[in-house]
Amino acid sequence: MSERAPDSPLIEPDLVALDVDLGSTKEEVIAGLARIVGATGRAEADGLLRDAMEREGKSPTGMPGGFAIPHCRSAAVGTGSLGFARLSNPVDFGAKDGPADIVFLIAAAQGGGADHMKLLTKLARALVKKDFLVSLRAASSRAEIVELVGNVVQPPPKAQTAKVEAPQAGVAGLPGAGATTAPADAATPGAPAATPSERKRSVVAITACPTGIAHTYMAADYLVAAGDELGVTVHIEPQGSSATTPVTPEQIAEADAAIFATDVGVKGRERFAGKPVIESGVKRAINEPAVMIKEALAVADDPNGRRVAAGSGAGAASGAGAGAGGGLSFGQRLKQVLLTGVSYMIPFVAAGGLLIALAFAVGGYQIVDVSKDTVLQHSLWNLPDAFGGRAPLLVYLGSVLHQLGAAAFAFLVPALAGYIAFGIADRPGIAPGFTAGAVAVLVGAGFIGGLLGGLAAGVVALWIASFQVPRWLRGLMPVVIIPLVASLAAGGLLMIFGLPLKSLTVGLQDWLSGMSGSSAVLLGVILGLMMCFDLGGPVNKAAYAFAAAGLNQNDPATLRIMAAVMAAGMVPPIAMAMATIIRRKLFTDAERENGVAAWLLGASFITEGAIPFAAADPLRVIPSMMVGGAVTGALSMAVGATSRAPHGGVFVFFAIGGFLMWVAAILIGSAVACTLVVIAKSAGAKRPDSATRVEDESDRQAVTAATGGAPAV
């Protein structure tokens, strides 16, 4: 890659292609633009394509209006560049209103600095303006395209200064990366102040996407433009790659409501404490900006509307009306809280369980009885005696791995309880939650005790945080008073009611241990259905947490449950991968590409690998996967397969008892699911094309509701 001058323009005629056919898929179009950029010596084409497609996988870059802005920051880029193509054959980039004929490839250097980021974001914001798109479509030469784009991203100094000094009201796409404000009514000197009913309404909004280059600023300008049309003042703080000018405390105080349109956490969320709020991903602010503004004002008018919780951190909005417009119902909130705990718990389970499985591979299963004494009494310079035919070094290394895994696994219940409390009360809930979880382990209340203790700790912490205390006491509340009182309350309750919970836990374990024959097969069917119902959503997580939390290396029944759960969870991605090979014509190009990745995801026990297929066609895909998962769960139980590892799929084969029969159960269930989904998609289903494959909104909502989040596309 040749060196370019640091002041090279972002776009030049060699980076422009007019009325060309670069292919029928977005990957082909991005590849064509990457080659165009690479041919100028500004970037290495293959690396640019790889990084742009990796960013594309996070969320589609198609926008309303028939344009797309694939983009990335890449080490393969030597000079920040804009590749442009006006397509003769429009291609779907995931926008709701159809395929794109205008495509910009924004190639930013990995360490390109703030200046290039500002220039690139100016382009993204200018594309909101319809007249700019009209000009791009009407341009007759590459030089004209360069001039049009150059006037936006690198305007003459005089014109740029004039814009900064005297911004025109209501024009979305003004340059700059700081706070943006929709036009407000100018006050007339000497005029009486407006009454509350006459005052122009306003909202403050935060926008942020993972890369902070395009979506962040486009969402900001769509909200500003929508506010202008609605007669609402919109103060915007885009939290992107460029330097951010925060909205002022005065703007926050005067605003009727707040809008958080982000795919990442909101920086400085505590500034908005008590403010009515609605939240969404950044794409919704691009697709439905006016709807979001109306919803925010409706929440502001509702005395029970959702409010931003007091306190620091990324705590969720709360209030009496947490289920009001733009917020969550009690059931949704409870589900979100429980999933928060499970999500933070799973890394402890996976790391600890896999370390224990590796310990067995190195030191043998006998390591369970001797590992603690071996680690405490020996070292590499004082190796233990060999046992079971194992070399002393292997015995010692296996013992170390086992104790590391056991230490990580011991955090399972405390982490569950701690992060359930965190989901309710934010950071002040973590300490009492972990304490409640530790008490649950101490009294033998197990998984159920941790769940209830976390809920109790979070509720008590949130209740105490709502107290209005003197200013001198406020600093002590989150670090001393809330943890102290909430830990005492939640821990004390578990101490008092620990024995009944222990009896319940022991009774459940005994019942599971006694299951055999048809009853065990029925349990496998139930677990299989749960694992495939929402493909990584709350029901799937509940089944997994049940198996992982109860995993006991000395209890064969729990090992069989873990094997059935893991096997059933591997079925959906493997089945869909099979289907994309057996009947390729039933799937789009993007789905066939997802099918290639789904093989590895399925083999690794990542059920979410099937979500792209379910998002496009949930009514055919999900029932088929559930039947296949039920078959696999039943077969795994029937053959008596066991798993000493809670994660890893086929890659922890050494920890799977009856490995070949277990794999056979997975393949049979996957074949059943594959057959059913092919039949279902063949019956009355037209071959989807690239422009319409996922535009059925009811299907999107069905999967979103099932998984508790936005489905991957």
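Phe605 is buried, with a relative accessible area of 5%; buried here means under 20%, exposed means over 50%, and partly exposed is in between, using a 1.4 Å probe and protein chains only. Phe605 sits in the loop between α22 (589-603) and α23 (611-616). Its phi is positive, about 65°, even though Phe605 is not a glycine.

A quick word on ground rules. This is a predicted model, with local features needing pLDDT of at least 70 and side-chain atom pairs counting only at pLDDT 80 or more, while totals for chains, interfaces and linings use all residues. Residues are numbered from 1 along each chain as its sequence is written, and side-chain values use heavy atoms, with hydrogens and water left out.

Asp19 is another non-glycine residue with a positive phi, near 50°. Helices (H or I, at least four residues) and strands (E, at least two) are DSSP runs, numbered from the N terminus. Is Val20 buried or partly exposed? Val20 is partly exposed, at a relative accessible area of 22%. Leaving aside residues up to four places away in sequence, Val20 touches Arg86, Leu87, Ser88 and Asn89, where contact means heavy atoms within 4.5 Å. Take the Val20 and Arg86 pair: 66 residues apart in sequence, yet 6.5 Å apart in space, C-alpha to C-alpha.

Zooming out, the protein chain has 26 helices and 13 strands. Buried residues make up 51% of its 713 residues. Among contacts between residues at least 6 apart in sequence, 73% join residues at least 24 apart. The chain exposes about 30,100 Å², and carbon and sulfur atoms supply 62% of that; these areas come from the Shrake-Rupley method with a 1.4 Å probe, and for residues only the protein chains shown count as cover.

Now the cores. A nonpolar core is a set of buried Ala, Val, Leu, Ile, Met, Phe, Trp, Tyr and Cys residues joined through side-chain atoms within 4.5 Å. The largest one has 75 residues, and Leu127, Leu136 and Val149 touch the most other members. Strand β6 (residues 100-109) gives this core its largest share, eight residues. Apart from this core lies another, of 72 residues, including Val413, Ala543, Val565 and Ala655. As for Leu127, its contacts beyond four places in sequence are Phe67, Ile69, Phe104, Phe132, Leu133, Leu136 and Met218.

Two helix pairs are worth a look. Axes are lines fitted to C-alpha atoms, for helices over the stretch in contact, and angles run from 0 to 180 degrees between N-to-C directions.

| Helix pair | Angle | Axes |
|---|---|---|
| α4 (residues 130-138) and α5 (residues 142-153) | about 160° | 9 Å apart |
| α21 (residues 556-582) and α24 (residues 618-639) | roughly 145° | within 8 Å |

Helix α4 packs against α5 at about 160°, which makes α4 roughly antiparallel to α5; the cut-offs are under 35 degrees for roughly parallel, over 145 for roughly antiparallel, 65 to 115 for roughly perpendicular, and oblique for the rest. The α4 and α5 crossing is left-handed, meaning the near helix is turned anticlockwise from the far one by less than a right angle, with clockwise giving right-handed. Phe132, Ser135 and Leu136 of α4 meet Ile145, Leu148, Val149 and Val152 of α5.

By contrast, α21 passes α24 in a right-handed crossing. On the α21 side the meeting residues include Ala563, Ala564, Ala567 and Ala568, and on the α24 side they include Gly628, Gly629 and Gly633.
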